[in-house]
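Okay, thanks for coming, everyone.

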Amino acid sequence: MRRKQNRVLTAIAVTAILIGSGVGAKAAYDSVAARMESMPEEERREYVTELENDTSVTIDGSWSRKLTNDEVLRLAALEREYYGENVFPEQEVQHVKTLADWDGQSVCYVEEDGLLHLPKSEMTDEQLLQFIDHTEKYNYVMEKEAEEYPAEEEEDDLDLSNLYADVENATQDELIDCGYRELKDFFGIELGDEWHARVEAFQPSACDPDAGDIHDAYYVYWEQAGGTSYSSEYVVCYGMHDLKLRVVAVGGREHWAGLGSYSEEEGMAKAEKDKEKVLTELKERYGFGKPDSERMEVYHEYDEEGDARQARYVFTYGILTVDVLWDLADERMASVEMLEF
């Protein structure tokens, strides 16, 4: 239960904090929360059965096929409408007993094999909205079912209450302003009003002083209104105790789906060719010279090997490690992480 909760935290959090402000295709509810709370008991029991039958260990392991790049891009846009503007599907995903009961063209959960079946052809916007709605209802029922079980006792007495600390060494506004300047310089972008910033202060040393304070940090996130884990997001990270820049990055499946793809061999060849461009940019931005050591690989964040879209470079400069993700087709940095060990 806990394992499955972790993979949907973002979607659940969005549901909890967003207030809808639009009229959807099926304007029967004024918020996602109201839609979930009004779920009929029979439908809720169907999702309980689905939850009990789910043995997958990956997000897409419970689907009949993976989403295409185009579907991921449209899904991310539709999620923002679903969570931010209350745009709901005209129909719900059906639950059937056997594969023989499925029409082969709709989005449908089949109890026989425990999979959410997707049409082989590209899904329509309505079908993608049904997919989003199904995921939200599954998550909602999972949370309600989890509330009926007592929390497991921790194996030790480690106090995690202070893991996420208040912002102390800098105000949130200062961190956001600083981070946004870094973001604009790094990616050459301006973010519109649909983007919202939030700050998290992550302080592992408060729970485990013996580990030191090397990982204590302020994270500044920029997320789109109504966005979920599929949507692109930006993050800038600073060391909590010295306010040194640690990370600048863009992530999310939406970003990944828009990247060009290479085979493993092609990706490695392209990564080797682009290495000097990466080193040149690091020198121009941060003044780094020739690294003491280097390591390179093609990166597979969401897909299996054979679909290389980014290269990962790890350079060391004395006690400093610089970890770079490079979008191969677009020849640009997607992230840089700098940490002293």
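Let's start with a helix, α7, and what sits over it: the buried residues of α7 are covered by elements including β5 (195-202), β6 (217-224), β7 (233-239), β8 (245-251), α9 (264-286) and β12 (332-340). Contact here means heavy atoms within 4.5 Å. Helices (H or I, at least four residues) and strands (E, at least two) are DSSP runs, numbered from the N terminus. And buried is under 20% relative accessible area, exposed is over 50%, and partly exposed is in between, with a 1.4 Å probe and protein chains only.

A quick word on where this comes from. It's a predicted model, where local features need pLDDT of at least 70 and side-chain atom pairs count only at pLDDT 80 or more, while totals for chains, interfaces and linings use all residues. Residues are numbered from 1 along each chain as its sequence is written, and side-chain values use heavy atoms, with hydrogens and water left out.

Back to α7. This helix takes in residues 172-187, and its 16 residues reach 22 Å from the first C-alpha to the last, close to the 22 Å expected at 1.5 Å a residue. That expected span is 1.5 Å times one less than the number of residues. So which residues of α7 are buried? They're L175, I176, G179, Y180, L183 and F186. They cover an arc of only 135° around the axis, which puts them on the same side of α7. The arc is that of the directions from the helix axis to the C-beta atoms. Over on the other side, D173, R181 and D185 are exposed. Just after the helix, G188 has a positive phi of about 65°.

Now pick out β8, one of the strands covering α7. It's mostly covered itself, with 5 of its 7 residues buried. β8 runs antiparallel to β7, joined by 6 bridges, and it also pairs with β12, again antiparallel, over 3 bridges. Two strands pair if DSSP finds at least two bridges between them. Have a look at V247: in β8, it's the bridge partner of C237, and it also stands opposite E337 in β12. The β7 and β8 hairpin has 5 residues between the strands, and there L243 takes a positive phi near 55°.

Next, α4, residues 41-53. Its 13 residues should span 18 Å at 1.5 Å a residue, and its end C-alpha atoms are 19 Å apart, which agrees. Here the buried residues are E43, Y47, V48, E50 and L51. Down the axis of α4 they fall within an arc of 160°, so they line one face of the helix. E42 and E52, on the other side, are exposed. The cover over those buried residues includes β1 (94-96), β2 (108-110) and α6 (125-146).

One last stop: D307. Where is it? D307 sits in the loop between β9 (293-299) and β10 (310-317). It's buried, with a relative accessible area of 12%. Its side chain makes a polar contact of 2.2 Å with the side chain of S261, and another of 2.8 Å with the side chain of R309. A polar contact is a pair of N or O atoms within 3.5 Å; within protein, one must be able to donate a hydrogen and the other to accept it, and residues adjacent in sequence count only if both atoms are side-chain atoms.

Zooming out, the chain has 9 helices and 12 strands, and 45% of its 341 residues count as buried.
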